[in-house]
Amino acid sequence: MTITQLTLPTMRDSRLDGLPVAIIGAGPIGLAAAAQLLERGIEFVVYEAGESVAASMEAWAHIRLFSPWSVLLDPASVRLLERTGWSQPDATELPTARELIDRYLSPLAALPEIGSRIRLGSDVQAVTRQGMDRTRSTSRADTPFVLRIAEPSAVVEHAARAVIDASGTYRNPNSLGSSGLDPLGFGDVADRVSPALPDVLDTERERFAGRHTVVVGAGHSAANTLLTLAELARQHPDTRVTWAIRNDRAVRVSASADDELAARASLGSSLQQLIADGAVELVDRFEIGRLIRRGSGVDIVGTRGGAPHTIAADRVVNATGFRPDLAMLREIRLDLDEVVEAPRGIAPLIDPNLHSCGTVEPHGFAELQQPEPNFFIAGMKSYGRAPTFLLATGYEQVRSIAAWLAGDVAAARQVQLVLPATGVCSTGDGQGSCCS
């Protein structure tokens with residue numbers, strides 16, 4: 001196959017001929033989708049809101065991942081890179097996000113066949129069908145998609161034959177409030193709230209050194225932030241660290257000897273030791289209702305175990321997870337789970353109320369397809385509000401979607417996905433294992 005000469009599969013309607021597949025987001029999954037489509041000979045365009053590929057990952061580039069290189073690379077992307085003389089990193093090495101960008105994603109995006117089809121600074125504001133809102137059905141499948149995009153100089157519209165939304169969720173954090181809404185008073189103290197995974201040991205050190213920081217959230221982002229804050233406190237002993245969680249325990253970061261990712265397991269064990277040593281104060285069963293500006297700090301007002309409780313802090317880190325931006329898809333027909341806002345086909349596999357261990361069954365285009373023909377949500381956004389997404393999941397998703405768009409139904413249905421087990425398997429409600 002000559003990868004620089006791309007042809008489209010035969011389409012049912014001439015209005016779709018020559019149109020590309022639109023990929024929203026140039027992160028790891030969006031670029032993997034590009035590589036998969038390239039190998040299939042399908043034209044595509046990647047729209048990235050940031051000024052560089054993996055722009056969201058740039059915000060936490062200092063973080064060392066708990067997954068090794070062996071599960072961070074998309075096979076189609078590797079095949080394309082190796083043709084240029086690129087060599088895979090040590091499979092057992094744990095890279096930082098910075099290294100993942102510099103050693104893998106940037107070289108992939110620099111390939112002429114992919115780089116020439118990436119549009120940076122292109123923020124997709126809405127997706128619809130040409131001349132149709134979501135209520136019109138006649139000839140819908142044969143009508144091009146239209147993406148409304150804010151570019152640096154203007155707002156424009158571009159047509160596509162299919163859409164893969166791999167825009168992620170990092171720009172849409174969950175609320176600090178237990179109700180799902182921003183706590184009362186949030187707007188008054190927003191300048192004192194940091195997003196998940198701040199660079200507390202380097203570029204943002206002055207914001208945290210010698211101050212009292214409260215980290216809110218019970219997942220791996222919270223654990224990473226707490227570990228770095230504890231290190232900062234060792235260097236600056238007047239630094240205080242508090243961890244606030246809604247439940248009586250943080251199941252997802254509980255240490256387990258059965259976790260197949262050793263670095264992930266060590267997060268939990270290290271954090272437990274910090275709590276035991278008094279380096280991190282744990283405030284469990286805490287639900288936030290209001291934030292009040294207090295001098296140079298903020299009072300976090302809520303209840304703990306049902307009783308009124310207030311934490312006085314200098315800074316708050318919102319590590320409560322993320323949610324998908326669905327406003328941009330208002331004119332697209334979606335079938336999303338009402339709990340986690342993920343495609344209904346995969347929701348039972350990832351809903352933390354039902355399944356907390358992170359072991360996900362193989363799934364591809366069939367589980368991800370929407371009532372809107374040839375529209376797919378992939379990558380972290382496909383998990384909606386659910387946690388514990390791994391890149392390997394997204395790579396297999398877009399491989400299956402690309403095969404489907406190419407008309408290779410057999411390959412699209414042959415989905416294989418083996419993820420490292422967490423060893424933590426409890427719904428947290430006394431019902432025992434969610435994988436039993």
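Trainee: What should I know about the model before we start?
Mentor: It is a predicted model, where local features need pLDDT of at least 70, side-chain atom pairs count only at pLDDT 80 or more, and totals for chains, interfaces and linings use all residues. Residues are numbered from 1 along each chain as its sequence is written, and side-chain values use heavy atoms, with hydrogens and water left out.

Trainee: Where does helix α4 bend?
Mentor: At Tyr 104, by about 30°, in a helix that covers residues 97–110. A proline, Pro 107, follows within four residues. The bend is the angle between axes fitted to the seven residues ending at a residue and the seven starting there. Helices are DSSP runs of H or I with at least four residues, strands are runs of E with at least two, and both are numbered from the N terminus.

Trainee: Which residues of α4 are buried?
Mentor: Ala 97, Leu 100, Ile 101, Tyr 104, Leu 105, Leu 108 and Ala 109. Buried means under 20% relative accessible area, exposed means over 50%, and partly exposed is in between, with a 1.4 Å probe and protein chains only.

Trainee: And what covers them?
Mentor: The cover includes α1 (28–39), α2 (55–58), α3 (75–82), α5 (112–115), β3 (118–119) and α12 (391–405).

Trainee: Back to Tyr 104. What does it touch?
Mentor: Leaving aside neighbours within four places in sequence, Tyr 104 is in contact with Trp 69, Leu 72, Leu 73, Asp 74, Ser 77, Leu 81, Trp 86, Glu 99 and Tyr 395. Contact means heavy atoms within 4.5 Å.

Trainee: Which residues touch the most other members of the largest nonpolar core?
Mentor: Tyr 104 and Ile 114, in a core of 95 residues. Such a core is a set of buried Ala, Val, Leu, Ile, Met, Phe, Trp, Tyr and Cys residues joined through side-chain atoms within 4.5 Å.

Trainee: Is Trp 86 buried or exposed?
Mentor: Buried, with a relative accessible area of 14%. Tyr 104 is buried too, at 1% relative accessibility.

Trainee: Why is the pair of Phe 365 and Trp 404 called stacked?
Mentor: Because the ring planes are at 15°, with the centres 4.4 Å apart. Phe 365 lies in helix α11 and Trp 404 in helix α12, 39 residues apart in sequence. Phe 365 is buried at 2%, whereas Trp 404 is partly exposed at 28%.

Trainee: New topic. What is the strand order in the five-stranded open sheet?
Mentor: The order is β8-β15-β9-β10-β11, with parallel pairing. The edge strands are β8 (193–194) and β11 (281–283). Two strands pair if DSSP finds at least two bridges between them. Strands β9 (residues 212–216) and β10 (residues 240–244) pair over five bridges.

Trainee: Where is Glu 341?
Mentor: In the loop between β15 (315–318) and α10 (347–350). Phi of Glu 341 is near 60°, a positive value in a residue other than glycine.

Terms used: Phe/Tyr/Trp six-rings, centres within 6.5 Å; stacked < 30°, edge-to-face > 60°.
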